[in-house]
Amino acid sequence: MSALFQPLQIRGIQLKNRIAVSPMCQYSSIDGFANDWHLVHLGARAVGGAALIIAEATAVTPEGRITPDDLGIWKEEHIPFLKRITTFIEQQNCVPGIQLAHAGRKASHASPWKGGEALSDETAWQTIAPSAIAFKEGEPIPHEMSVTEIKQLVEDFKNAARRALEAGFKLIELHAAHGYLLHEFYSPLSNKRNDEYGGSFDNRIRLLVEIVDTVRSIVPQDFPLFVRISATDWIERGWNEEDSVRLAKVLKEHSVDLVDCSTGGNITGVKIPLVPMYQTQFAEKIKKEAGILTGAVGLITTPQEAESIIAEGRADLVLLARQELRDPNFPLRAANELGHDMTWPVKYERAKKGFH
């Protein structure tokens with residue numbers, strides 16, 4: 001029996017298998033609004049058999065967007081179309097999740113196909129960060145956040161979480177990875193503060209923990225809460241896997257259910273060994289040493305790789321991004337290859353026989 005297709009219970013939610021669709025920025029919004037592209041993009045992957053769909057990094061404030069084209073959840077008007085999406089996803093026996101995010105010093109950039117560089121015209125806005133250190137040379141210096149501004153950010157995440165509930169999402173992931181704001185706070189390479197939000201390990205993780213607590217305070221008891229982290233900065237004197245284990249233990253104490261283990265993104269020019277499943281080692285270490293559920297991501301492209309991760313107990317969930325872009329029906333294909341008789345959407349059953 002395939003381990004990849006065993007259900008997973010997380011609080012009040014049962015995932016029908018261990019395949020989740022990672023948040024993937026589509027840079028296709030106007031003023032933060034979801035639209036038909038998001039409905040079809042996410043809906044297709046729910047039809048394709050994934051157990052969980054996590055909508056892309058969704059900005060909790062306008063200034064928290066990576067680009068002007070990012071999805072947002074900073075105002076009530078964003079809710080109705082998001083509700084349309086979550087309703088469709090649930091109709092496919094799939095759990096709709098959302099990743100709440102703030103880009104910090106990596107905000108105010110052009111979308112990738114528009115060059116991806118920091119904006120320098122009238123569309124640019126002031127970025128914020130724990131310290132006034134630019135992401136890379138030549139980019140604008142971010143504004144160093146005051147304690148008052150930090151407290152307001154916690155409220156922004158709380159309000160975004162409330163809107164996520166109203167929009168019908170059944171799971172929230174906090175984006176604390178890839179060099180965005182929450183990662184900037186916990187990494188010693190980007191946080192040079194000397195107040196209660198900087199310096200020591202406990203101080204640098206304080207903002208993330210405060211946001212976890214405020215989100216947990218307003219969601220139902222049976223509502224799952226994930227956190228995506230960058231388990232290492234891939235550079236000496238940066239955040240590392242031992243720090244991540246220590247953080248995961250704290251997050252578990254604060255009722256986080258799963259740590260989604262990515263890496264990097266906070267420092268340019270680092271060398272990352274891009275080989276299949278290269279980040280799974282971090283999910284395995286955190287799972288075993290912190291005693292918390294973990295998700296594995298990063299160059300997982302075959303059913304056999306995904307199966308091995310779950311079967312060997314290296315992680316509890318496999319989150320796919322680019323492979324799901326290539327093949328929205330990856331879960332259906334994986335079930336076929338692994339000998340699991342997966343239920344197909346009734347409209348597609350005529351194609352099930354002979355599917356390879």
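**Salt bridges and their surroundings**

A: Glu210 counts as partly exposed, because its relative accessibility is 21%, and this value, like those that follow, comes from a predicted model. The partner of Glu210 in a salt bridge is Lys151, with the closest N and O atoms 3.5 Å apart. Since Lys151 belongs to helix 3 (residues 147–166) and Glu210 to helix 6, the pair ties together parts that are 59 residues apart in sequence. Lys151 is likewise partly exposed, at 41% relative accessibility.

Helix 6 spans residues 206–218 and includes Arg206, a partly exposed residue with a relative accessible area of 30%. Apart from neighbours within four places in sequence, Arg206 is in contact with Glu196 and Tyr197.

The count of salt bridges comes to 19. One of them joins Lys114 to Asp69, whose closest N and O atoms are 3.1 Å apart. This pair links distant parts of the chain, 45 residues apart: Lys114 sits in the loop between strand 5 (95–101) and strand 6 (128–129), and Asp69 in the loop between strand 4 (52–59) and helix 2 (79–91). The two partners contrast in accessibility, for Lys114 is exposed at 53%, whereas Asp69 is buried at 13%.

Another salt bridge brings together the side chains of Asp195 and Arg193, at 2.7 Å from N to O. Here Asp195 is partly exposed, with 21% relative accessibility, while Arg193 is buried, with a relative accessible area of 7%.

Conventions:
Residues numbered from 1 in each chain as written. Predicted model: local features only at pLDDT ≥ 70, side-chain atom pairs only at ≥ 80, totals over all residues. Heavy atoms only, no water. Helix = DSSP H or I, 4+ residues; strand = E, 2+ residues; numbered from the N terminus. Buried < 20%, exposed > 50% of the residue type's maximum accessible area, 1.4 Å probe, protein only. Contact = heavy atoms within 4.5 Å. Salt bridge = Lys/Arg side-chain N within 4 Å of Asp/Glu carboxyl O.
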